[in-house]
Amino acid sequence: MIDTMLQPGESVTEDTTLDDDVVTEILLRLPSASVLRSRVVCKAWHRITTDPSFLAAHADRRPAELLVGSRGEPCFLDTIPLSLQLDDLTRRRSQLHCPKHCEIGALLGCCDGLLLFQKSRESLFRSDFFVCNPVTKQGARLDLKPPSCPDVARLCGFYRHGPSGEHRLLVLANELKPGLPAHYVYSLAAAVTASSQLPRRLGPVADGVVVDEVAYFINHYAHHRGKIHWTIHPLARSAEKILAFDTVSEDFRLISCPPWPRDHYRNEDLCLLELDGTLAVTAPEFDGDTTELWVLEDYDDDQSWLHRFRIVLPPRFSPHWWTGTGAPNVVFVGSYLNNFKALYNLTEKRIIKQIEFVNGTPVYCYLFKDSLVPHAFLNPY
C-alpha cells in the first residue's frame with residue numbers, strides 16, 4: 001500500500017519519510033493481525049499502533065463478522081466475514097485462538113472483541129467463567145462473588161457501560177430473603193482481579209417472578225440503542241411483553257409486543273434482533289411454516305410496530321433464533337433441533353446460502369467485531 005503512494009520511478013529509501021497522519025490512515029485499514037505485525041517494523045509504527053486513540057478508531061472500523069461456536073465440548077469458534085459477497089461467505093472462515101488451557105463449555109456472549117465463556121450449565125455461582133480477547137491473546141478467569149443468600153442465578157447480559165467504558169455483567173438471582181429475584185451489576189475488572197467489591201443490587205424485579213431453569217436462556221438478547229432487550233426474561237414472559245434495560249441509566253422498561261393474534265404465537269418462541277437500525281421481532285406461527293417479522297418504527301412509541309415481512313422456510317423447519325448481519329434485509333437463521341443454519345434474504349424471500357459446520361455440531365452465533373484495545377485486567381496466554 002505504501003508503494004502506491006510513491007511517484008512513478010521512485011522507491012522507498014532511507015530518505016523517504018511519510019507523514020504520521022498518512023501512515024495512520026493506512027494502518028487503520030489493515031486487519032488486526034497485520035497491525036500487530038507492523039509494530040515491529042519501526043519505532044514510529046509501534047508508537048502509532050499502540051496509541052489508545054488509534055486502537056479505538058481501528059476497532060470502530062473493523063467489519064462485523066458472524067461468530068459461530070459449538071455447544072459441545074471442546075468448544076470450537078469460527079468467524080465468517082460478512083463484508084464479502086454473500087455467495088462467498090463460507091469460503092473464508094478463520095478459527096479464533098482461544099486459550100488451550102481453558103476448559104470452556106459454552107460461549108455466553110461477546111462485547112467489544114471480548115468473549116465470555118461458561119464451563120458448565122450449572123447455576124451461575126457453581127460454574128467457572130473465563131473472559132478473553134482471541135486477537136490480542138489475553139484472558140482471565142472470573143471470580144463472581146455471589147450476592148447475599150442466592151438461590152438460583154442466571155447471566156442476563158454482557159455489555160459496556162458507555163460513560164465509564166467499563167465492561168459489566170448483568171445477573172438475575174433468586175434471593176432467599178426477601179424472597180424476590182433481583183438484578184445485580186458486576187464489574188468485569190473487579191471479577192477478574194477478585195477484589196472485595198460486591199455486585200450492586202438494582203432492586204427486586206416483581207412479585208411472582210421466579211428464576212427457573214428456563215431462565216438459562218436469558219443471555220439470548222438483542223442490543224439496540226445502548227439497551228439490552230429480552231423476550232425470554234422471566235419478567236418479559238410474565239407480562240407477555242419485551243423487557244428493555246438501559247445500560248446507562250439502569251432503568252427497565254416493558255415494551256408492548258406487536259398487535260398479532262395472541263392465540264397464534266407463543267411468547268417463548270419470539271426472537272429479537274436489530275435489523276437495519278431498528279428493533280425487530282420474529283414470531284413463528286403455531287403449526288405453520290411461516291414466520292412473521294415486525295419492526296418498531298419509533299422506538300419511543302411501542303404502538304408503532306409495523307409488519308414488515310412474512311417468511312416462508314423449508315417444510316418442518318422450526319427456527320429458534322434470528323440474528324441481523326448488518327447487510328440490508330439479510331438475516332442469519334438457525335435451529336438447534338435439526339441443525340439448520342442459513343442466510344435468508346428478506347426482500348427476495350429465499351435462502352441465499354445454507355451454512356454447514358463440522359460434523360453437524362449444534363452451534364450458536366453472535367455478531368463479532370475484533371479489537372486490539374488492551375485491558376489491564378487480562379493476562380497474556
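**Figure 1. Thr79 in strand β2.** Thr79 belongs to strand β2 (residues 77-81); strands (E, at least two residues) and helices (H or I, at least four) are DSSP runs, numbered from the N terminus. With a relative accessibility of 2%, Thr79 counts as buried. Buried means under 20% relative accessible area, exposed over 50%, and partly exposed in between (1.4 Å probe, protein chains only). The model is predicted: local features need pLDDT of at least 70, side-chain atom pairs count only at pLDDT 80 or more, and totals for chains, interfaces and linings use all residues. Residues are numbered from 1 along each chain as its sequence is written, and side-chain values use heavy atoms, with hydrogens and water left out.

**Figure 2. Strand β18 and its two partners.** Seven of the seven residues of β18 are buried. Thr290, Glu292, Trp294 and Leu296 lie on one side, with Thr291, Leu293 and Val295 on the other. In a regular strand the side chains alternate between the two faces of the sheet. Strand β17 (residues 278-284) runs antiparallel to β18 and is joined to it by six bridges; two strands pair if DSSP finds at least two bridges between them. β18 and β19 are also antiparallel, with seven bridges. Leu296 stands opposite Leu279, and its bridge partner in β19 is Trp305.

Figure 3. Glu297 is located in the loop between β18 (290-296) and β19 (305-312). This residue counts as exposed because its relative accessibility is 53%. Together with Asp298, Asp300 and Asp301, Glu297 forms a negative surface patch. Patches are made of residues with over 30% relative accessible area and no salt bridge, like charges being joined within 9 Å and nonpolar side chains (Val, Leu, Ile, Met, Phe, Trp, Tyr) within 5 Å.

**Figure 4. The sheet around strand β5.** In strand β5 (residues 114-118), five of the five residues are buried. Leu114, Leu116 and Gln118 point one way, whereas Leu115 and Phe117 point the other way. Five bridges connect β5 with strand β4 (residues 106-111), and four connect β5 with strand β6 (residues 129-133). Gln118 stands opposite Ala106 and has Phe129 as its bridge partner in β6. β4 and β5 form a hairpin with two residues between them, and Asp112 in the turn has a positive phi of about 55°.

Figure 5. Arg62 and Asp370 form one of them, with the closest N and O atoms 3.0 Å apart. Arg62 is in the loop between α4 (52-61) and β1 (65-70) and Asp370 in the loop between β24 (363-368) and β25, so the pair ties together parts that are 308 residues apart in sequence. Arg62 counts as buried at 15% relative accessibility, as does Asp370 at 9%.

**Figure 6. A salt bridge and network partners.** Arg168 and Glu250 form a salt bridge, with the closest N and O atoms 3.4 Å apart. Salt bridges that share partners join Glu166, Arg168, Arg200 and Glu250 into one network. Both Arg168 and Glu250 are buried.

Key. Accessible areas come from the Shrake-Rupley method with a 1.4 Å probe; for residues, only the protein chains shown count as cover. A salt bridge is a side-chain nitrogen of Lys or Arg within 4 Å of a carboxyl oxygen of Asp or Glu. Lys and Arg count as positive and Asp and Glu as negative; His and the chain ends are not counted. The place of a charge is taken as NZ of Lys, CZ of Arg, CG of Asp or CD of Glu.
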